[in-house]
Structure formats: structure tokens, C-alpha cells
Amino acid sequence: MSRAVNPGPRNVIDSAMTDPSQEPAPNTTPVKELVVVNATGRQASSVVRVASAVGYKVRAQLRSLKKDLQLSAELRLLPNVTLVEGSLDDQTFVDRLFVGAQYAFVNTTPYAWTDEIATGKSLALAALKAGIRHYVFSSLTDHSTHDPPQESLPLWATKFTVEQYIRQLGLPSTFVYVGSYHNNFSSRPYPLWQLTPRADGGFVWKAPFPPDYPIPFIDTEHDLGAAVIQIFKDGVKRWGGQRYAFSFSLSSPRVSALRHISVATNQSRPGFRIPLAFEVLTPLQVCSAFSRALGRPVNYQPHPLEIRTPIPSGYRDQLEGIVRVLCEQRASYFRPEMEGSATEISRALWPGWRGMEEYAREVWPIEEKANGASWIASGVATPASEMEGDN
């Protein structure tokens, strides 16, 4: 068999690369502009980072550039991100916020400095007037609307009220229902989520959740932004109908999986509800994941609610409501019809998700060190510490 003759090096400089008349026409596709509200929040900052990375022009609203200087500085340096400082109580500011943009991600805050319902309605109306094409609102359920009705959780019910108003407006919208954050966990005395260091180097999680209560979890910084941007890419035609039910083929690729979603829609009531949680874990499973990740014993102990640190106004009622509704009555975290679909739809939107064990191994020790946790001095291997040791 004869051997192919090597033609030798060729001239790799194409004439089109040097002749201006042969240069390709400039890209005239309009840059997609996204408004993100409360940009230094955990959810919103994740959306800003991913949107910037994939080429969106981002208008990132925040109350004050002085509130979180480090995060504000980080976001300011991202490509195509403009920080917009202003109060959501200022109607003139809100009326201008969405003008010229096509997309919006909104997660309102429920604490004392704002009336969340009034703020949420004001933002939605301004977005409608500005012609926003796809409005993604971070909502949560009102348990009093479940069947059978249960007690409302005050800081969740306000979001549900805003959601209903957005539906009434007819704003092209999608509603994401976000699970519990991975980085709720801390060795600091935060209610519900403290992992208390023990003398033997391990931790104990004391909380009122039943040991087998299923809690949906998401790594907001790593995964929420990617999922939300995929929702924008898929578009309001896919995610603009009222959500009632899902049916997935788990073995199918993402496109096939989303194609097989079974949805009952009412197009006159815009707003598909999407549960965002990549794992559903019981407290016992959470502790097992932390124990494997850290190489230390981590145990769960059912325990009455403890509040040993100052908390925002109104948050005590929320915490006590969680104990009654989720812990004692074992109500669903999301709406009942959403419970079985959370991980399937989330993983279909964003296959690169980070689970609890990976978070506990790769990220939690770094966050604890940054927060000055005393237990970290006892030594734990992290990617950062291993790299430092190589230098």
C-alpha cells in the first residue's frame, strides 16, 4: 500500500484575513439586555455572573454600593455588567429600571426596609410598561392555598401574592421556586442551619426537622444562575404556561427530557412554575454527605428551634411557622404538585450541578475559613490549602 505524500507546509494565511473587502460582515444581532434586581443577593448575583459569562448585557440593580463592597466590586468588574444604584421604593427609579431591556430576573426581599408586596407589584408593572419579553420571578408557595389548606409562612406568602399579581397583569413570565441553599449551613449560631463543632473534631446539626423530612437543596452560587439563563434561552413559549404536572424520561438527554414534559396550560394565565432543587435530602442524608466530605463525624439531633443571634424583624414568625408547618405538620416545601419533579427538571436545565457532598468538601471549608471559624484551624484539606502547599 503506497504511503500518502506529505504536501509540506501550506500558506495558512487566507486572503480573506488580510483583504478588508473579504472580511465577514459584523455581527448585527442585538445584544440581549437583562435587568437583575437586588444584584448582591445570593440568587441574583449568581444570575449576573452567568449572564455576563454568556454574553448578556446586564443592568444590575442594588440598593447601595456600600452595602457589600467586596461583592459589588466583583460584579462591577464583570464584562458587560453595569451596576445601577437606587431604591425600589423610588417609583421614578423603578419606572426607568427596565426601559430598553428585554429580560428581567427579580428576587424581592421581605425584610423591614421594604414592603415586599408593594415592591413586587411596582416592579412587575414597570416591567410590563417597558415591554419586558420574559420576566423570571423568584416565588414561593402560600400553604393556605394548598389542598387541604395549611398555615401560611409569612415570608413565603408575600412572594406568592406578587406571583398572582404578575399573572393578572399578563406579563410574559416564569416563576422559579428555589430550594434551601447549601450555604445556609454555618458553624455560626444561625437558626435551623448551624453545624456546631464538637470537641472530637466533628459536628452536630440540631434542628426541629424530622430526621426523614425531605428538604430540597440547591447550590445557589454554582447552579441557580445557569438554570435561570437556560430558562431565558428556552424562552417564554416553553416556560410561559401555567404549571401543573411533569412527566420525565430520566434516560433521555436534556432536550428530549424537556420535550417529554407533560403540561396542562392556560395561556391566559402566564407563568410556568419551575422548582429549582438538584437534590432532595433528609437531615440524616445531609449529615452523611458532610461526614464523607470532611472526613469527620457529623450527626443529626432533632431539637427544638433555638434563636441565639439577632435576626431581621419578622423572621422569628417565619422560623416558628417553619417549625409548625414543615416540621410538625410535614407540609410540602414546594407546592404539592411540584414535589416529585424538582430534581428532574433542575438537572435537565443544568446538568453541571454541584451536590451537597461536593459543596461540603470543596466550598464549605473555604467559606468557613473566610468567616473566621475556629474549627478550621484544626486542619482540613481543601483545594485552596492544597494549592498553597504546592507553592
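## Arg-330 and its loop

Arg-330 sits in the loop that runs between α11 (315-328) and α12 (342-349). This is a predicted model. The phi angle of Arg-330 is positive, near 55°, and the residue is not a glycine. Most residues other than glycine have a negative phi.

Is Arg-330 buried or partly exposed? Its relative accessible area is 39%, so Arg-330 counts as partly exposed.

## Asn-80

Asn-80 is another residue that is not a glycine and has a positive phi, here about 65°. Where is Asn-80 placed? Asn-80 belongs to the loop between α3 (69-76) and β3 (81-85). With a relative accessibility of 46%, Asn-80 is partly exposed.

## A cis peptide bond

Most peptide bonds are trans. The bond from Asp-147 to Pro-148 is cis, and its omega is near 5°. Pro-148 lies in a loop, with β5 (134-139) on one side and α6 (154-169) on the other.

## Cysteines and disulfides

A disulfide is a covalent bond between the sulfur atoms of two cysteines. How many disulfides does the model have? With a cut-off of 2.5 Å between cysteine sulfur atoms, the count is zero.

Technical notes:
Residues are numbered from 1 along each chain as its sequence is written. This is a predicted model: local features need pLDDT of at least 70, side-chain atom pairs count only at pLDDT 80 or more; totals for chains, interfaces and linings use all residues. Side-chain values use heavy atoms; hydrogens and water are left out. Helices (H or I, at least four residues) and strands (E, at least two) are DSSP runs, numbered from the N terminus. Buried means under 20% relative accessible area, exposed over 50%, partly exposed in between (1.4 Å probe, protein chains only).
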